[in-house]
Amino acid sequence: MSRIGNSPVKIPDGVTIEVKDSVVTVKGKLGELTQEFSGIDIKVEDGSVVLERPSDDNKHKSKHGLYRALINNMVEGVTNGWTKELELVGVGYRASNQGQKLDLALGFSHNIVLDIAPEVKIETISEKGKNPIVKLTSHDKQLVGQVAAKIRGFRKPEPYKGKGVKFVGEQLRRKAGKSA
């Protein structure tokens with residue numbers, strides 16, 4: 001059984017947390033995040049956030065650790081931010097951005113143009129001899145993950161040559177292919 005919900009979330013300097021009507025608001029130097037909660041008592045005391053469950057019911061147990069992790073991710077996001085990097089592996093695969101529009105050439109007949117949410121900062125890195133990299137940065141972990149998953153979903157890495165869009169550092173399961 002996980003006991004992550006029992007450990008308090010420390011509030012760093014420059015971060016304010018308000019709990020009002022089952023809505024938690026976290027403000028920091030990078031932005032503001034809100035999340036709605038239910039079934040768990042959330043208290044801000046002595047520079048930390050403490051979560052308590054009213055009973056040992058399975059619903060309360062499952063929400064206890066989840067809400068603690070969500071609050072911790074919100075605090076981490078408004079202080080340091082979250083970053084995901086995607087690598088485009090394949091001949092002729094390119095990425096470029098103009099403001100919040102991401103232009104991907106992934107081997108289809110037309111380029112894929114994607115409008116990125118304004119909360120997410122996007123950067124494309126193209127160096128000669130290396131695979132193009134798309135770097136996503138934001139204070140909202142869920143939003144960064146969702147955008148990264150959408151981009152990866154356009155061309156998932158295939159198991160024979162490893163071509164496609166993958167996360168930087170991702171280990172792919174490779175297959176042998178035909179044997180002569």
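Modeller: K101 is partly exposed, with a relative accessible area of 39%, where buried means under 20% relative accessible area, exposed over 50% and partly exposed in between, computed with a 1.4 Å probe on protein chains only. The model is predicted, and for that reason local features need pLDDT of at least 70 and side-chain atom pairs count only at pLDDT 80 or more, while totals for chains, interfaces and linings use all residues. Residues are numbered from 1 along each chain as its sequence is written, and side-chain values use heavy atoms, with hydrogens and water left out.

K101 forms a salt bridge with D115, their closest N and O atoms being 2.8 Å apart; the term stands for a side-chain nitrogen of Lys or Arg within 4 Å of a carboxyl oxygen of Asp or Glu. K101 belongs to strand β9 (residues 101-105) and D115 to strand β10 (residues 112-115), so the pair ties together parts that are 14 residues apart in sequence. Strands here are DSSP runs of E with at least two residues, helices are runs of H or I with at least four, and both are numbered from the N terminus. D115 itself is exposed, at a relative accessible area of 54%.

In one of them, E170 and R152 bring their closest N and O atoms to 2.7 Å, and the pair links distant parts of the chain, with E170 in the segment after β13 (164-167) and R152 in helix α2 (residues 141-154), 18 residues apart. R152 is buried, with a relative accessible area of 18%, whereas E170 is partly exposed at 22%. In the other, E52 is joined to K43 with closest N and O atoms 3.2 Å apart; E52 has a relative accessible area of 34% and is partly exposed, and K43, at 37%, also counts as partly exposed.

The loop between β5 (41-45) and β6 (48-52) holds D46, a residue with a positive phi of about 55° although it is not a glycine. Most residues other than glycine have a negative phi. D46 counts as exposed, at 82% relative accessibility.

A related case is S22, in the loop between β2 (16-20) and β3 (23-27), where phi is positive, about 60°, although S22 is not a glycine. S22 is partly exposed, with a relative accessible area of 40%. β2 and β3 run antiparallel and are joined by 5 bridges, two strands being taken as paired if DSSP finds at least two bridges between them. They form a hairpin with 2 residues between them, and D21 in the turn has a positive phi of about 50°; K20 stands opposite V23 in β3. β3 also pairs in the antiparallel sense with strand β4 (residues 32-36), over 5 bridges, and there V26 has L33 as its bridge partner. That hairpin has 4 residues between its strands, and G31 in the turn has a positive phi of about 155°.

Among the helices, α1 (residues 58-79) has 22 residues and reaches 32 Å from its first C-alpha to its last, close to the 32 Å expected, the expected span being 1.5 Å times one less than the number of residues. Its buried residues include H60, H64, R68 and I71. G81, which follows α1, has a positive phi near 90°.
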